[in-house]
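Trainee: I'm new to this structure. Could you take one part and walk me through it closely?

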Amino acid sequence: MLWWGPEDALPQKARSKERERQYEHIKEGLEDRGCKEYEAEEIAARTVNKERARSGESRTRSRTSTRDISSGRRGGLRSGRQGPRGRTREQLYQEARSLGVRGRSRMNKGQLQRAVDSKKR
């Protein structure tokens with residue numbers, strides 16, 4: 001059970017038709033990619049609220065909301081790079097699986113990284 005509903009995800013004043021559509025679009029896209037519903041709702045709400053701050057629709061905003069590249073333009077540029085060691089073995093394994101790399105279950109992280117990189121070229 002969710003601890004908040006979709007109606008609580010966006011502030012009351014943020015409920016313009018455009019922002020509601022944007023929220024639903026982001027949420028559905030994340031769910032289609034396998035994200036859990038509550039995670040999709042949280043990510044969608046954060047993205048929409050950041051865009052509201054960027055365009056001056058909210059009273060308060062953080063420095064990163066206004067100075068960072070927009071969420072839509074960034075489009076996952078930073079995803080997959082978690083920490084100084086790059087993607088996790090699990091992330092590499094899933095990518096190898098989607099690319100059809102053979103023998104991936106017996107590979108360690110370094111081997112998976114090389115296999116994924118060579119398959120992408």
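Mentor: There are 7 helices and 0 strands in the protein, where helices (H or I, at least four residues) and strands (E, at least two) are DSSP runs numbered from the N terminus. This is a predicted model, in which local features need pLDDT of at least 70, side-chain atom pairs count only at pLDDT 80 or more, and totals for chains, interfaces and linings use all residues. Residues are numbered from 1 along each chain as its sequence is written, and side-chain values use heavy atoms, with hydrogens and water left out.

Let's look at arginine 87. It sits in the loop between helix 5 (71-74) and helix 6 (89-99). Arginine 87 counts as buried because its relative accessibility is 13%, and buried means under 20% relative accessible area (1.4 Å probe, protein chains only). Its side chain makes a polar contact with the side chain of glutamate 95, at 2.3 Å; that term covers a pair of N or O atoms within 3.5 Å, where one must be able to donate a hydrogen and the other to accept it.

Now on to helix 6 and its partner. Helix 6 and helix 7 (residues 109-120) pack at an angle of about 35°, and their axes are 9 Å apart; axes are lines fitted to C-alpha atoms over the stretch in contact, with angles running from 0 to 180 degrees between N-to-C directions.

Methods. Buried < 20%, exposed > 50% of the residue type's maximum accessible area, 1.4 Å probe, protein only.
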